[in-house]
Amino acid sequence: MAHEDGALLITGPVGVGKTTVAEAVGDLLAEARVPHAVIDLDWLRWSWPSPSDDPFNLGLELRNLGSVARNYLDAGARRLVLAGVVESRADRQRYVEALGVGLTVCRLSADLAVIRDRLVQRHDGDAEGLRWHLERSRELDRIFDRAQVEDFVVAADRAVAEVAEAVARAAGWR
């Protein structure tokens with residue numbers, strides 16, 4: 001399950017805190033003087049338009065991830081902390097192939113009411129965006145329950161530092 005070196009992908013529904021927790025895990029690694037990189041996968045797929053058969057641009061994300069991961073590893077990173085959404089076992093394998101290193105997957109979970117509160121703050125003044133993200137969060141929660149792509153689950157309804165510590169410990173990185 002856990003890898004001394006390699007990649008940790010933090011996944012979960014929209015609004016659960018994937019990027020925030022990934023950054024905090026990165027801070028823990030920096031404090032421990034472990035060479036690493038933190039990558040928000042959303043940025044690796046952000047382009048328009050996306051192909052009709054790949055609405056979330058996963059193919060582009062994985063191609064970019066392969067290049068970015070190699071660059072970080074070649075520059076001395078021993079661990080990669082990723083924040084993103086992996087919806088299936090098949091997609092998890094595609095991440096492993098793109099990364100070229102061992103992969104541990106952590107699913108963050110929180111009550112949908114907590115996620116809703118976070119999304120309301122994030123999308124203040126954007127009712128349409130809020131509606132879409134709330135529905136996507138519910139949809140992803142159902143997808144994760146069925147797919148079980150994670151190695152472990154960590155509750156994300158507490159202080160970020162506590163969540164990051166729990167994630168790092170569960171990954172065998174603390």
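1. Helix axes are taken here as lines fitted to C-alpha atoms over the stretch in contact, and angles run from 0 to 180 degrees between N-to-C directions. On that basis, helix 3 packs against helix 4 (residues 89-99) at an angle of about 35 degrees, the two axes being 8 Å apart. The crossing of helix 3 and helix 4 is right-handed. The structure under discussion is a predicted model, and the remarks below should be read accordingly.

2. The contact between these two helices can be set out by residue. From helix 3 come Leu58, Gly59, Glu61, Leu62, Leu65, Gly66, Ala69, Arg70 and Leu73, which meet Asp91, Arg94, Tyr95, Ala98 and Leu99 of helix 4. Sorted by class, this contact comprises eight nonpolar, two polar and four charged residues.

3. Glutamate 61 belongs to helix 3, which spans residues 58-74. Its relative accessible area is 4%, so glutamate 61 is classed as buried, the limit being under 20%. Leaving aside residues up to four places away in sequence, glutamate 61 touches Leu41, Leu44, Arg45 and Tyr95.

4. The largest nonpolar core has 32 residues, and Leu8, Ile10, Val25, Leu108, Val167 and Trp173 are those that touch the most other members. Two or more residues each are given to this core by strand 1 (6-11), helix 1 (18-31), strand 3 (79-83), strand 4 (103-109), helix 5 (112-122), helix 6, strand 5 (152-155) and helix 7 (160-170). Helix 1 supplies the largest share, six residues.

5. Beyond residues up to four places away in sequence, valine 25 is in contact with Leu8, Ile10, Val81, Ala164, Val167 and Trp173. Another core, of 20 residues, lies apart from the largest one and includes Leu62, Leu65, Leu82 and Leu99.

6. Helix 7 may be considered next. Its buried residues are Val163, Ala164, Glu165, Val167 and Ala168. The elements covering these buried residues include strand 1, helix 1, strand 4 and strand 5. Just after helix 7, glycine 172 adopts a positive phi of about 80 degrees.

7. Leucine 140 is located in helix 6. With a relative accessibility of 1%, leucine 140 counts as buried. Its contacts, residues up to four places away in sequence not being counted, are Gly12, Pro13, Val14, Val85 and Glu87. Between leucine 140 and alanine 22 there are 19 Å in space, C-alpha to C-alpha, and the two residues are 118 residues apart in sequence.

8. Two aromatic pairs are found in a search of the whole structure. Tryptophan 43 and tryptophan 46 form a tilted pair, at 4.7 Å centre to centre and with 40 degrees between the planes. Tryptophan 43 is exposed, at a relative accessible area of 58%, and tryptophan 46 is likewise exposed, at 62%.

9. Phenylalanine 56 and tryptophan 132 also form a tilted pair, with 6.5 Å centre to centre and 50 degrees between the planes. Phenylalanine 56 lies in the loop between helix 2 (42-45) and helix 3, whereas tryptophan 132 is in helix 6 (residues 127-147); the pair therefore ties together parts that are 76 residues apart in sequence. Phenylalanine 56 is partly exposed, with a relative accessible area of 33%, and tryptophan 132 is partly exposed at 44%.

Note on methods. Residues are numbered from 1 along each chain as its sequence is written. This is a predicted model: local features need pLDDT of at least 70, side-chain atom pairs count only at pLDDT 80 or more; totals for chains, interfaces and linings use all residues. Side-chain values use heavy atoms; hydrogens and water are left out. Helices (H or I, at least four residues) and strands (E, at least two) are DSSP runs, numbered from the N terminus. Buried means under 20% relative accessible area, exposed over 50%, partly exposed in between (1.4 Å probe, protein chains only). Contact means heavy atoms within 4.5 Å. Rings of Phe, Tyr and Trp (its six-membered ring) pair if their centres lie within 6.5 Å; planes under 30 degrees apart count as stacked, over 60 as edge-to-face and the rest as tilted. A nonpolar core is a set of buried Ala, Val, Leu, Ile, Met, Phe, Trp, Tyr and Cys residues joined through side-chain atoms within 4.5 Å. A crossing is left-handed if the near helix is turned anticlockwise from the far one by less than a right angle, and right-handed if clockwise. Ala, Val, Leu, Ile, Met, Phe, Trp, Tyr, Cys and Pro count as nonpolar, Asp, Glu, Lys and Arg as charged, and the others, Gly among them, as polar.
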